Structures are given as structure tokens and as C-alpha cells.
Amino acid sequence: MKGLNSKWPLDFSKITGCPMSILPLYQEAIEDITKRMGAGMAKFICKEVETIDDYDEYCHYVAGLVGLGLSKLFHASKLEDLASDELSNSMGLFLQKTNIIRDYLEDINEIPKSRMFWPREIWSKYVNKLEDLKEEENSIKAVQCLNDMVTNALIHMEDCLKYMSALQSPAIFRFCAIPQIMAIGTLALCYNNIEVFRGVVKMRRGLTAKVIDRTKTMSDVYGAFFDFSCMLKSKWLFFNHHPMTVSLEMEGTFLVLGGSQLLKMVDKNDPNATKALSRLEAVQKICRESGALTKRKSYVIRSEPRYNSALIVAFFIILSIIFAYLSANRINGWVQNCMVSTEDLPLFPSVYIYYSMGDA
């Protein structure tokens, strides 16, 4: 880096010469957006991100304005119609909020001073200081705060789909669509995942490569948004129907039981679960109504299951029988103490597991 920086004074004339070599229409768009970005970012040098409005304003200056600028450049090229400022802004905010969520640990550990972009209005509901979220004893509150942040980001999904559906140039479409799919995929991994406060959470290279390779049409975007929305949604729905912790691993383009990456189901008492679910269902409805879901390859859920469902069921039944056998003596002891006949107990093995786990 020192070697690179030392050349800047010598090469600066080349850098400043680049904007002058492009058409005046492009120069005007770049100049306007750059000035507004600089003024906005300067505002937050000494200003903390206190409210959600501050958060949206900060993200507007650092990313939303990029969306506005790109829309102007696309229009100036005569390849696209001019998109509305609202939709252009949402495209930038969705990406920026995803980065801020994912980079919590890196930003909070920044030396000499932490970078704090999570709005106080959100994190103060869970801890006294933003850095407290990374402490082990605050794990439950940290995950709830994380889910609150992700839920806030999800509000931009519909605008992003609307923006991308209007694009006409294949090159511009891919340029815009691939980062948006990466964003929702990253949010799906981060949601309800304590590892955001422990290390780096990001999409695997194999899946990233598939996103880049397969994203060519709006059908691909609808499919990706639908699949990653399903992944997000499953964390909430599975818990409420099956109150147990399940290990899920994203492997390539599908989810499998087991593996090293533990993604716990969302606590049904999480205050933001219902709101997140509502936003996911709204996006899934748009994707279904597009009629494109049957025309693409799935990013997350494989069309053919890796393991036969009957084998999985058989495995759990056998496991239940083993647990029931091992705990039989203890259960009989409980029954004798309670003066209840073993004939009065349900025979399904999972009941015995429930009693055993409850006692432990």
C-alpha cells in the first residue's frame, strides 16, 4: 500500500484526466453525485447514526446516491429509461445495509476507533453499548438485534425487483442484478446467526460463482430472491412447527441436514419475526406472480433431494428407539415413583426422548 500511495502525486494528472475524456452528459452526472456524496459523508464525520432516519440518510449518501448516479448514466447512454430516485435509492440502500450488517465485527474492532453504523434506535433496545453485542453473555439479545437490522433491510426488496424488472440492456441488467442477489443471499446467511458477532459470514465461493454464471434474465432474479426468501422464512416457520434446533449447511446450491454451519431457528418470541415474515411473503408473492419460477435453476434448494426422505425418517425413528431403550430404566423409575403404570404411557419413542431430555 505504501508503494501504491507513493505514486499518487505522479499519477494524479492521469486520474483527473479520466473524467474529462468522457462525454459531457456523463461528466455532469458524475460531478453532481460526487459533490452530493462528499457533502453528505462529511456530515457524518462528527455525527452519530442515532435514529433509523439517520441510518437511511447515511446509507443514501454512501450508496443511494450511487444508485441515482448510475441510473442517470444508464439513461444518458440511451440504453435505459430514467428510473425514479426512490427505486434507484433503494438499490443502493439494500446493498449498503447488507454490508453494514455483515461487517459488524470488523467495524466494531476497527483501530484506533470503532466504526458504528448500526442505528442507536435499534441496538439500544437490546444492549447499553453497541460493542456489547459481541459479548458471549449477550448472545440472545445480539441475535434479536441482528434480526431487527435484517428486517429493516428487507423493506427494500420490492423496490429492487421493480427497478431490475424495467432494465433492458443485458449488460446493465447483469451489472445491477448480481450484487442484489448476493445481498439477499448474504442476509439469508446472517439472519438469526450468532456467527455475525464471532467472525466472517459470507456466501461460499461455489455459490457465488453459480450466481454470477446463472444470472442472465429477470427470471433468474425472481428465482434467486424466492429461494433465498425461502431460506430466511424457513428459520422462522420450522421453529414454530418443530420446537427444536436443527443444523443446516448451505452446500453449493442446496440445504442439507447436518454439517458444520449451525443456523438456529428463530425464537417465536423474537419481536421482529412476524414483520420479517410478512416482508418475505410479499416478495415471494411477487416472484410467484411473475410466472418465472418454473423457468430457472434453483440457487438454494436442489430439485432432487440429496438424501431420500424415507431414509431420513427411518434414521430418526431408529435413533428414537435407541434413546428410548437407553432411558427405559430411568423412565420406569419415574413411573414407579409416580405410581403410574407403564401401560398408561404413550408408546411412541419420541415421547420417551422428551421425558429424558426434560429431566436432564
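A salt bridge is a side-chain nitrogen of Lys or Arg within 4 Å of a carboxyl oxygen of Asp or Glu. In this predicted model, Lys-125 and Asp-148 form such a pair, and their closest N and O atoms are 2.8 Å apart. The two residues belong to distant parts of the chain, 23 residues apart. Lys-125 sits in the loop between α7 (120-123) and α8 (139-154), whereas Asp-148 belongs to helix α8 itself. Asp-148 has a relative accessible area of 8%, so it counts as buried.

Across the whole structure, a search finds 14 salt bridges. Another of them joins the side chains of Arg-115 and Glu-106, at 3.8 Å from N to O. That distance counts as a salt bridge because the cut-off is 4 Å. Arg-115 is partly exposed, at 33% relative accessibility. Glu-106 has a relative accessible area of 51% and is exposed. The limit for exposed is over 50%, so a value of 51% passes it. Lys-125 and Asp-148, for their part, are joined at 2.8 Å. Shared partners also link salt bridges into one network, made of Glu-106, Asp-107, Glu-110 and Arg-115.

A further salt bridge lies within a helix. The side chains of Asp-32 and Arg-36 meet at 3.4 Å, N to O. Both residues belong to helix α3 (residues 24-43). They are four residues apart, so about one helical turn separates them. Asp-32 is partly exposed, at 30% relative accessibility. Arg-36 is also partly exposed, and its relative accessible area is 33%.

The overall fold comes next. The chain has 16 helices and two strands. It contains 360 residues, and 42% of them count as buried. The chain exposes about 20,400 Å². Carbon and sulfur atoms supply 59% of that area. Contacts along the chain were also sorted by sequence separation. Among contacts between residues at least 6 apart in sequence, 74% join residues at least 24 apart.

The interior was examined through its nonpolar side chains. In soluble globular proteins, nonpolar side chains tend to be buried together. The largest nonpolar core in this model has 77 residues. Helix α10 (residues 170-190) gives the most to this core, with twelve residues. The residues with the most contacts inside the core are Tyr-104, Trp-118, Leu-133, Leu-161, Met-164, Val-221 and Phe-225.

A polar atom of the Thr-215 side chain lies 2.5 Å from the backbone oxygen of Val-211.

Helix α12 (residues 218-241) also holds Leu-232. Leu-232 has a relative accessible area of 1% and is buried. Which residues does Leu-232 contact, leaving aside its neighbours within four places in sequence? They are Leu-154, Leu-187, Ala-188, Tyr-191 and Leu-280. The C-alpha atoms of Leu-232 and Leu-189 are 8.0 Å apart, although 43 residues separate the two along the chain.

The side chain of Asn-138 reaches the backbone oxygen of Asp-132 at 2.8 Å. Asn-138 is in contact with Val-127 and Asp-132, leaving aside its neighbours within four places in sequence.

Finally, some nonpolar residues lie on the surface. Phe-315, Phe-316 and Leu-319 form a nonpolar patch there. Together they have about 280 Å² of accessible area. Phe-316 is found in helix α14 (residues 309-326). At 41% relative accessibility, Phe-316 counts as partly exposed. Its value falls in the partly exposed class because buried means under 20% and exposed means over 50%.

Key:
Residues are numbered from 1 along each chain as its sequence is written. This is a predicted model: local features need pLDDT of at least 70, side-chain atom pairs count only at pLDDT 80 or more; totals for chains, interfaces and linings use all residues. Side-chain values use heavy atoms; hydrogens and water are left out. A nonpolar core is a set of buried Ala, Val, Leu, Ile, Met, Phe, Trp, Tyr and Cys residues joined through side-chain atoms within 4.5 Å. Buried means under 20% relative accessible area, exposed over 50%, partly exposed in between (1.4 Å probe, protein chains only). Patches are made of residues with over 30% relative accessible area and no salt bridge: like charges are joined within 9 Å, nonpolar side chains (Val, Leu, Ile, Met, Phe, Trp, Tyr) within 5 Å. Accessible areas come from the Shrake-Rupley method with a 1.4 Å probe; for residues, only the protein chains shown count as cover. A polar contact is a pair of N or O atoms within 3.5 Å; within protein, one must be able to donate a hydrogen and the other to accept it, and residues adjacent in sequence count only if both atoms are side-chain atoms. Contact means heavy atoms within 4.5 Å.
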